[in-house]
Amino acid sequence: MRVIYSVAIGLMFLLGSATFLNQAIAGVCLNKTAIVFSNGMFNDQDLADLSKKRLEDELRASPYSTPFLAEFEFYLAYADNGGAAGPLSLAGMGQLHEAFVQKQAATESMFWRWLGGFPGAPAWFSAKMQNLAKAVNAAAYVNDIDLQKQLKGDPANIKQQPGYRALLNQGMRVVIVAHSQGNFYANAAFDALKAQKPAWANSIGIVAVASPTKRVADGRNRALTAPEDVMMNAAQSNFTLSPGTILANILAGGPSWNIFSLGLTAWANASYGHSFAAWYLAGATTRNQMIIHILNTRIALKAAPLNMVAKVIMSGNRVAPAPDGSVYISTGGGVVQLKPDGTQVPVAGVPYVDHVGPDGSLYYAVKSVVGPFSSDVGSIFKIDPSGVQSVVISAVQGFYSFDVASDGGIYYSAGIKVYRIAPTGGVTHVAGGARTFASLSAAGRRTPLTGIPAFDWVVYTATHVKAGFNGRFYYGRGTTRAFEGESILLADLAGIVWNLPSSWLNIRGVRSWGDGYDVCPDGSVIESRAVREIWKYSYGSPPIFVGPGPGPGTWALFRRQPQVILEWSRHDDTIYFTDPAAGTVNKLVPSAF
């Protein structure tokens, strides 16, 4: 039996992996799935947190999860025994236990034995259980305070419980792993979310563990109840809490292998087979089945539609996200480091910050504007994490912009060329070629050649350069002059330059009011449109509206000043941008609705 079961798991995993490769990207750039633990009764906040952590540990340790680990994030949908009073919340079961404690001078295990249908339960206990069963099946918890926190987020614990709406609005898939009475909450949450936005039904899945209800709201019926779970046996048979409860018996006609691997003492200590962590996760039989349910549920889900809103962080004219989640904001009068906890720390001795390197080093460029028809002269400076300042490169003629790559290399544009500074300091010419009007005409100003070596490219002026990932980089083919536009080009690993796909017309056309675009790890481009919108362009997919963006930069004589700056942050997979007209730095956050 165990051999057959292992083969079945392997087949499910292989089938799931093939489907996974074709899934759409979730989030602004990264592929993210939220695994949310919905706790059962008799779990205070600490116990619920421990169960969530144990679930995360087991998922990360399982070889079946390997293709998914980078995308998983773990959250909590907490329900408190002391939430809304009455039988329509977990408090109902808590009140049954309280009555047991008050009326019966017996051991704690007797409560579970009576609940499991062992002989000797008095009439008052059976009657209360019957009343609870009828009430629980009577309605959903649409007005329950715990459910509202699960939907909207818990302000007192927002990092662990941001709320289902926030997770979905930032484009994530959501897999709810519900245990015991937590399944009532999972079903109620699914129903409420589907009623609000029907498309969300494709992005939420439920894995029902030890569920007292016969219904799994997402319709996939991925449920798991061990036959030796006395509470669920009681729910199905003795007290008819929910007739037809789904019992995914792993060994038909008998207990699961957990009984033999963990033993009777562990079974008794695990609330007679009902505990999420001490039984369902501790036993390999139930644990592996649960993990397969989670992964197959993930595979069946689609990324939720993005629904982001712009949040003003503070006044400023430049923004640079850091790998640790900090954001450096240049205010015009100095630099402020905004830490993830909201703390603001002034940064001394730095006029502004353009970019933050992978090691936390700060970079900024100083340009001397010679004149409206003359090239700028620029220098790049670095401040390492210890505070030591150095000159990366100085007195670059025709300097326009620069970016820092994920490997610590620096790309900068100057005149008609793009250069790369290696982490070790060597400078290499990587793109840009002859600058003649004849060659511009021959190549076609709006439909230039593509798929040729980057050195041979006709570039009137190399502008807004962006470091991509794995050696790729992007740059503008245009001019700094007011009467010219630009299109964005991609240079690949082989040193070949390409137009972006023809469907990305907005990026490829005459447009760019500053440094208003950034690049995702998969090659997608996030771009700020002049109509106060931010869009994402991906290979093989139609453009996606990400959220509201800044207004256009303002024009100075022959130069666009100040620039719109748009930066993607890997740490929280979102966009930061400046709004020159408002003089603010903003962040895209998931809508609360």
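Student: How many bridges join strand β28 to strand β29, and in which direction do the two strands run?

Tutor: The model is a predicted one. Strands β28 (residues 533-537) and β29 (residues 544-548) run antiparallel and are joined by 4 bridges. Together β28 and β29 make a hairpin, with 6 residues between them. Gly540 lies in that turn and has a positive phi of about 80°.

On to ring contacts. A pair of aromatic rings is described by two quantities, the distance of the centres and the angle of the planes. The structure holds 12 aromatic pairs. One of them is Phe72 with Phe74: the centres are 6.2 Å apart and the planes stand at 80°, over the 60 degrees cut-off, so the pair is edge-to-face. Both Phe72 and Phe74 are buried. Ring pairs also link Phe68 with Phe72 and Phe74 into a cluster.

Another pair is Tyr364 with Phe381, whose centres are 5.2 Å apart and whose planes are at 20°, so this pair is stacked. Tyr364 belongs to strand β12 (residues 362-368) and Phe381 to strand β13 (residues 377-383), so the contact ties together parts 17 residues apart in sequence. Tyr364 counts as buried at 6% relative accessibility, and Phe381 is buried with a relative accessible area of 17%.

Charged groups also meet rings. The charged end of Arg318 sits over the ring of Tyr352, 3.8 Å from its centre. Lys367 lies over the face of Tyr400, 4.9 Å from the ring centre.

Conventions:
Residues are numbered from 1 along each chain as its sequence is written. This is a predicted model: local features need pLDDT of at least 70, side-chain atom pairs count only at pLDDT 80 or more; totals for chains, interfaces and linings use all residues. Side-chain values use heavy atoms; hydrogens and water are left out. Two strands pair if DSSP finds at least two bridges between them. Rings of Phe, Tyr and Trp (its six-membered ring) pair if their centres lie within 6.5 Å; planes under 30 degrees apart count as stacked, over 60 as edge-to-face and the rest as tilted. Buried means under 20% relative accessible area, exposed over 50%, partly exposed in between (1.4 Å probe, protein chains only). A charge sits over a ring if NZ of Lys or CZ of Arg is within 6 Å of the ring centre and within 35 degrees of the ring normal.
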